[in-house]
Amino acid sequence: MCCEIEYTNIGGISGPLVFVEGVRGVGLGEIVEIRDGKSLRIGQTLEVDEDRAVVQVFEGTSGLAVKGMRVSFVGRSLEIPVDRAMLGRVFDGLGRPSDGYPQVVTNRRMNVNGLPVNPWSREYPRDFIQTGISAIDGMNTLIRGQKLPIFSGSGMPHNLIAAQIARQAMILSEEEEFTVIFAAMGVKFDVARFFIDSLEESGVLTHSAIFLSLADAPSIERLITPKVALTLAEHLAFDEGMHVLVILTDMTNYCESLRELSSSRGEIPSRKGYPGYLYSDLASIYERAGRLKGFDGSITQMPILTMPSDDISHPVPDLTGYITEGQIVLERELFNKGIYPPIAGLPSLSRLMKDGIGEGRTRTDHAQVAAQLFASYAKVKRIRSLAAIVGEEELSDLDKIYLEFGNSFEEEFLSQGENENRTIEETLEKGWRMLSILPQEELYRVRREDIDRYYIPSSDGGD
Amino acid sequence: MVSATETRNAPIEGKVISVNGPIVKAVGLTGVKMFDIAEVGPDGLIGEVIRLLGPVALIQVYEDNTGLKPGDKVISEGRPLSVLLGPGLIANIYDGIQRPLVGISEQCGSYIEKGVKLSALDVQKQWTFTPSAKPGDEVAEGQIIGEIEETPLVVHRVLIPPGVFGRLEDIVETGPRTIEDVIYTVQTKTGLYEGKLAGYWPVRVARPVRSKKKPFIPLMTGQRIIDTFFPIARGGTAAIPGGFGTGKTMTQHALAKWCNADIIIYIGCGERGNEMTDVLTEFPKLVDERNGRPLIERTVMIANTSNMPVPAREVSIYTGVTIAEFYRDMGYSVAVMADSTSRWAEALRELSSRLGDMPAEEGFPPYLATRLAEFYERAGLVETLSGAAGDISIIGAVSPPGGDFSEPVTQHTSRFVRCFWALDKTLADARHYPSISWVDSYTEYLNDIEGWWRELDEQWLAIRNEVMNILLEDHRLQQLVKLVGADALPMFQQFTLHVAEMIKNAFLQQNSFDPIDKYCSPEKQLKLLKVILALYERGGVLVKAGLTLKDITDLPSLSEMVRLKSEIPNNETNRIDEYRERLLGELESLKEQVLGV
């Protein structure tokens, strides 16, 4: 093949890009090997002309010189070996072992770019995952095969929450196999260490695969890391029939790498300097979640991203929210009140919730309880902003009851321990206890028969 | 003139000289025309010629072109990008360039591989064709010459294609026919024309009509805030702008399910895969109340999800609207849901940026507005070539970045649509759905369609406007409430706030998952409005006469009002009248009790 030919005519180096001149017969997206004496680097073609190729180098270009570089084209796209023996192992951002053990021996190799799933072949996700966190199970239910990101801000406990979900959702049953794939893009070593330790303590590390492209790795490597992790996930889910939870952190870093690459290619930027294709690029990652007809396994994605200055309209959370099936938003105000998990009541949403809850799945009253909690809590927010102006004393009696409801909701329903694992029954029961603080007439989103059954009539909320 | 059958020219062969993402440059394609189809590379990837610069043709490739090399061959047959129109479109699901997704999944499994070539319509399926014309008849373009039962809901009318006039030489008897059989021949001035059940039409060219008319019938959607407050006419255009999580897709789904068009074209353009799956699994199960048949039997789906190739996303809305025109020409009322036009605009931006075009606002190409206008202009109530009435309504979702309506796609779209359903984040956060804002939305069809409502009630517009005014008054008062609290307002204003709250909860808010509430008939909408108005008018008199708000809210029947929408089915609306009588009675006795003594 063309691997034999080595090109040495380098037209230039710019950022992560190398321009190779005089090349023939090179395809788009082909893998490139770059040798400069001692080291070997991997890259990919981004653009090919009749005699020139633009190559993106995953390991970065630092230390490369125009002279002395030898470039060869492999003739195929980036592939990684995939096998269930990869569980319990740690890899670098390009999928190479970094735990000191040798490469997994397998014949199965898969293209990291994947292929788009035929919408006809998808199975609509409906299976409820109990995370043991009331704010999620009760109001923003996670469904197997969903992509549900955590929108966070710097300093907030998104890692704690993701780890808690990973631990608590991974209850092993006899028929089904669960696994966690953790991909870190540009995060610090201690964040990665925290996840590894947390998985290890709960004994799920042996069922997990870890891909680390830490903050000190070349930024371009991060563009491949989520794809590598998802390629393994697809193998485990659809070849091996496992239920895979993929945690991707931090997608903001991924997007920044993409911006860096786009800017060194001289592309016309759209919002905040990010490329115009950021949406399509993110979709090519997020859409690799779900279930397929005729397959047992599933891929559930939980991307974590930090919103620069807590701004949800920043392009990264904004475009993510347009692709993912809802979002768990962490709120600084709750965080400052000392509430864990600080999951914002109103902007959080799970789009797949409607079909995964209710009779035969969770409980018949689930949807109505959630809707009522949302509606009543929205009213609390309005009353609070009014109280900030006129003072609590001036509020009507009903408004005061609402404030009481709001505080109890935050302190008892939302708030729970880092290791507290609530069943859905407990969550809904707590929900009704909160709603029982309000007079019955205020509960217009719940059915009458449910009020008769679950409402706790004493005016003090039942305790 | 475009002919219905495919004209095959001699193929022209060229070769690739450069590949930049989905944009490929090729040389050697002498004689190729703008927007001609080209097959690129060893896999024969489908592409379209989008620019001709001297000897170089720029081709946008509709499939993943990883691995494509300079030197690979390009073949063009000189035919524009077209869709195949004929029986079998209904209940089908296609990608952006009309490849059948079911067929693709049978051929290559769960993933879409490149280079798949499949006919858009089943070529072996036997359709029972019943002719309605006979040999010797003079026929003209657009004329109906026979019928097929495409689904139990749709009678497929077979038309003489545009551009064909003459004497019908021959036509087959009633019997099973495939789309490849010649079913009739027409002696035209230029020769013998052989007609089949299916034919090609270029996607970027609007199908001809005799004339356009002013829309006057409302497209009933069963969604109260739309039908009553911001109605769209059949043949009209509407936009649904909203940030993520405000319920654009849910609103589109509700409209696709319950609007009373004959045919629904649902275009999932750059959106989530699971949403299309939702439509695919739900529509065969959902039954249309009016005829007891599954909704899928009137629906065509185009799915080009966000992870499918970007250029095919750009073309998907044209594919959809061309299919819509085909059914309109048969005399049907067609509704096109495009979700989302922002993703389409972004595809346009991405391609234009790869072409090195000078960008206008936010990187979008300067021709964005023109393209949007052209698309929405394909809607309308028309007199078809055969003289029948047909219409296309287009409802486009818009996804403004950050929910900011001042961005270019929302702004340009609002110039070309006459109905604007603005989704409101705060309503969505409170799970008030549909989260269409009654303050920021508007419609220009109110006067056009008033006549239709008058048949139901002479006073419809007056009632609608009065309720709308309560909502607007509420909006104004809420500014005050934010500063001083509701209790500081005069009693009548407090009462207005209470009635407005009732309108929001008992009328505007609608649960699309509730078996009764999901679809609200026009009669029920009107009766609910009258209940609210009865409370406002009679109660208002009492409040002005000195009663407190509490006297009114304590009325036993008042707490039931909010449940009328979900407890009284569409065929029992007389129970709403009974409720209204009871409410009026209670108000009356309250008046006697308090004021009489």
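How many bridges join strand E13 (residues 150-152) of chain A to E18(A), and do they run parallel or antiparallel? Three bridges join the two strands, which run parallel.

## Basis of the model

This is a predicted model, in which local features need pLDDT of at least 70, side-chain atom pairs count only at pLDDT 80 or more, and totals for chains, interfaces and linings use all residues. Residues are numbered from 1 along each chain as its sequence is written, and chains are lettered from A and ligands numbered from 1 in the order in which they are written.

## Strand E18 of chain A

Helices (H or I, at least four residues) and strands (E, at least two) are DSSP runs, numbered from the N terminus. Two strands pair if DSSP finds at least two bridges between them.

Nine of the nine residues of E18 (residues 298-306) are buried, so the strand is largely enclosed by the rest of the structure. A residue is buried if 20 or more other C-beta atoms lie within 10 Å of its own, exposed if 12 or fewer, and partly exposed in between, with C-beta atoms placed from the backbone. Both faces are covered: one side includes Met302(A) and Ile304(A), the other Pro303(A) and Leu305(A).

## Contact between chains A and B

Contact (C-beta atoms, placed from the backbone, within 7 Å) involves 59 residues of chain B and 60 residues of chain A. Elements giving two or more residues to the chain B side include strand E1 (12-20), helix H4 (273-282) and helix H11 (460-484). H4(B) gives the most, with seven residues. By class, this side has 23 nonpolar, 24 polar and 12 charged residues; Ala, Val, Leu, Ile, Met, Phe, Trp, Tyr, Cys and Pro count as nonpolar, Asp, Glu, Lys and Arg as charged, and the others, Gly among them, as polar.

Strand E4 (residues 39-49) of chain A runs antiparallel to E1(B), with three bridges between them. Ser18(B) is the bridge partner of Asp49(A).

## Backbone features

The peptide bond between Thr249(A) and Asp250(A) is cis, with omega about 5 degrees. Asp250(A) lies in the loop between E16 and helix H5 (251-264) of chain A. Another cis bond joins Tyr433(B) and Pro434(B), with omega about -10 degrees.

Lys272(A) has a positive phi, near 50 degrees, and is partly exposed, with 13 other C-beta atoms within 10 Å. Gln98(B) has phi near 65 degrees and is buried, with 26 other C-beta atoms within 10 Å.

Methods: Contact = placed C-beta atoms within 7 Å.
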